[in-house]
Amino acid sequence: MPKQSLSPEQKSIVDQWLTSGEPMLVEASAGSGKTRVLTESVRRIIEDSPKSRSKILCLTFTNKAAEEMQERLKDLSKVKDRTFIGTTHAFALDIIKSRRHELGMDEMPTIVDKESDRKAILTEAILSNPLLSRHYLNPPPETIAGFQNLAKYQTDLLDRSIDFISGKKQKLVWLDNEVDSSLVENWRPGTISLFQDYNDLLRNQNLIDYDDIILLAWKILNERPAVANLYRRIYEYVMIDEAQDLNFAQYEFVKALCGDSIRKIMMVGDANQAIHGYAGASSKFMKEEFVEDFRLTETQKKKIQFNYRSSEAVIKLANELAGIRQNTVESYYEGTVEFHSFDDEESEANWVLKKLHEIIGTEAEGYDGKLTIDKVAILGRNRFVFSTLIEKLK
């Protein structure tokens with residue numbers, strides 16, 4: 001994909017971040033072009049310093065988002081050499097693969113990513129512990145009174161135990177043989193044993209679960225300053241996409257990576273789009289912790305005010321049809337809406353073709369250059385209504 005134009009407000013954000021070399025928080029709502037801000041920042045860095053060896057780290061929350069960023073930058077010859085674009089877990093896993101010996105691992109552990117496999121290991125840990133085993137196999141009648149049968153009780157216990165273990169790991173709890181007494185006081189009887197026995201079984205079989213990926217990478221960076229400094233020399237720029245979905249472990253991992261050395265960090269997100277609260281995510285890490293820890297000033301906190309995805313005319317029409325008012329940002333484009341009625345699909349298809357010929361090659365409203373076929377979408381309620389139009393478009 002070729003270089004994309006930036007709107008004046010998007011360009012000012014990119015310019016300030018790249019020239020100041022300071023941290024920046026960008027609150028960007030849906031349709032505001034946040035991915036464009038990130039990818040065009042990467043493009044600027046590479047084009048402005050073609051001989052530099054410093055790398056750019058772009059962390060996303062899904063593989064799909066990472067693939068989209070890679071697609072937008074694929075025309076850059078040095079993008080693969082200069083950037084890591086991927087999920088936080090993928091980057092953390094890379095650290096574990098290359099630095100596992102720091103954790104005493106001779107071989108790369110296998111990841112237990114299926115819930116059923118985690119429960120099987122947890123069940124083994126429970127049954128190998130006399131106290132936990134009695135509670136699991138022969139609980140007091142009052143304990144299972146709210147369940148239909150023993151099997152339902154055991155299923156619920158396993159679910160709660162998995163959630164408990166995940167919750168602790170997302171808080172970066174790692175209990176070795178010498179348990180922190182301050183932690184013990186806050187844990188129910190038996191949970192220390194459960195947590196340790198489960199993790200011992202994983203380690204004895206050279207396994208890690210999904211929650212361990214961030215935890216172990218954080219341990220390496222946090223406990224091995226020389227390793228952390230190596231990564232800080234490699235990566236000069238750090239960008240976090242969908243920062244509103246960071247949880248405690250992920251934020252601490254990013255903070256451990258940056259330390260006091262990496263100041264060229266940009267977090268982009270929208271608190272209104274947070275969807276991972278069930279996994280401990282919170283927009284407070286973006287809006288509060290990041291601002292405080294990296295000492296952001298008011299000039300380093302930005303908001304993209306405009307919606308670039310839908311025009312004002314389209315949003316107004318959609319709101320009228322739905323009977324609601326849901327546009328929370330100002331649209332960059334004014335846009336137009338027209339209504340036409342046709343006697344048959346042939347007439348409708350001819351009108352669409354005529355309209356396409358009129359608009360292709362004209363200047364698009366706003367800043368995005370001339371209209372081309374790939375910037376046009378034709379929508380309909382099903383494929384059948386398109387049959388005549390598709391033939392004409394061919």
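Visitor: Hi! Which helix does alanine 322 lie in?

Guide: Alanine 322 belongs to helix α15, which covers residues 312-322. One thing to keep in mind as we go: this is a predicted model.

Visitor: Noted. Is alanine 322 buried, partly exposed or exposed?

Guide: Alanine 322 counts as partly exposed, because its relative accessibility is 49%.

Visitor: Let's zoom out, then. How many helices and strands does the protein have?

Guide: There are 17 helices and 10 strands in the protein. Of its 394 residues, 44% are buried.

Visitor: What share of the contacts with a separation of 6 or more comes from residues 24 or more positions apart?

Guide: That share is 74% in this protein.

Visitor: Now aromatics. How many aromatic pairs does a search of the whole structure find?

Guide: The search finds 14 aromatic pairs. One of them joins tyrosine 308 and tyrosine 332, a tilted pair with 4.8 Å from centre to centre and 35° between the planes.

Visitor: Which is tyrosine 308, buried or exposed? And what about tyrosine 332?

Guide: Tyrosine 308 is buried, at a relative accessible area of 9%. Tyrosine 332 counts as partly exposed, at 27% relative accessibility.

Visitor: What kind of pair do tyrosine 332 and tyrosine 333 form?

Guide: An edge-to-face one, because the planes of tyrosine 332 and tyrosine 333 stand at 85°, with the ring centres 5.5 Å apart. Tyrosine 333 counts as buried, with 14% relative accessibility.

Visitor: What does serine 311 touch?

Guide: Leaving out residues up to four places away in sequence, serine 311 touches Ser331, Tyr333, Glu334 and Gly335. Serine 311 sits in the loop between β9 and α15, and it counts as buried at 11% relative accessibility.

Visitor: Nice. What lies over the face of phenylalanine 248?

Guide: Lysine 171 does, at 5.4 Å from the ring centre of phenylalanine 248.

Visitor: Which residues of α13 and α14 meet?

Guide: On the α13 side they are Phe248, Tyr251 and Lys255, and on the α14 side Phe285, Glu289, Phe290 and Asp293.

Visitor: And how do the axes of helix α13 and helix α14 cross?

Guide: The axes of α13 (residues 248-258) and α14 (residues 284-293) come within 12 Å and cross at roughly 30°. An angle under 35 degrees counts as roughly parallel, so α13 is roughly parallel to α14. The crossing of α13 past α14 is right-handed.

Visitor: At what angle do helix α7 and helix α8 pack?

Guide: Helix α7 (residues 130-137) and helix α8 (residues 150-169) pack at about 135°, with axes 9 Å apart. That makes α7 oblique to α8. In this contact, α7 brings His135, Tyr136 and Leu137, and α8 brings Leu150, Tyr153, Gln154, Leu157 and Leu158.

Visitor: Last topic, backbone. Which phi does asparagine 206 have, positive or negative?

Guide: Positive, about 55°, although asparagine 206 is not a glycine. Most residues other than glycine have a negative phi. Asparagine 206 lies in the loop between α10 (191-204) and β5 (207-209), and it is partly exposed, with a relative accessible area of 25%.

Visitor: What about arginine 295? Where does it lie?

Guide: Arginine 295 lies in the loop between α14 and β8 (301-304). Arginine 295 also has a positive phi of about 55° without being a glycine, and it is exposed, with a relative accessible area of 56%.

Technical notes: Residues are numbered from 1 along each chain as its sequence is written. This is a predicted model: local features need pLDDT of at least 70, side-chain atom pairs count only at pLDDT 80 or more; totals for chains, interfaces and linings use all residues. Side-chain values use heavy atoms; hydrogens and water are left out. Helices (H or I, at least four residues) and strands (E, at least two) are DSSP runs, numbered from the N terminus. Buried means under 20% relative accessible area, exposed over 50%, partly exposed in between (1.4 Å probe, protein chains only). Rings of Phe, Tyr and Trp (its six-membered ring) pair if their centres lie within 6.5 Å; planes under 30 degrees apart count as stacked, over 60 as edge-to-face and the rest as tilted. A charge sits over a ring if NZ of Lys or CZ of Arg is within 6 Å of the ring centre and within 35 degrees of the ring normal. Axes are lines fitted to C-alpha atoms, for helices over the stretch in contact, and angles run from 0 to 180 degrees between N-to-C directions. Angles under 35 degrees count as roughly parallel, over 145 as roughly antiparallel, 65 to 115 as roughly perpendicular and the rest as oblique. A crossing is left-handed if the near helix is turned anticlockwise from the far one by less than a right angle, and right-handed if clockwise. Contact means heavy atoms within 4.5 Å.
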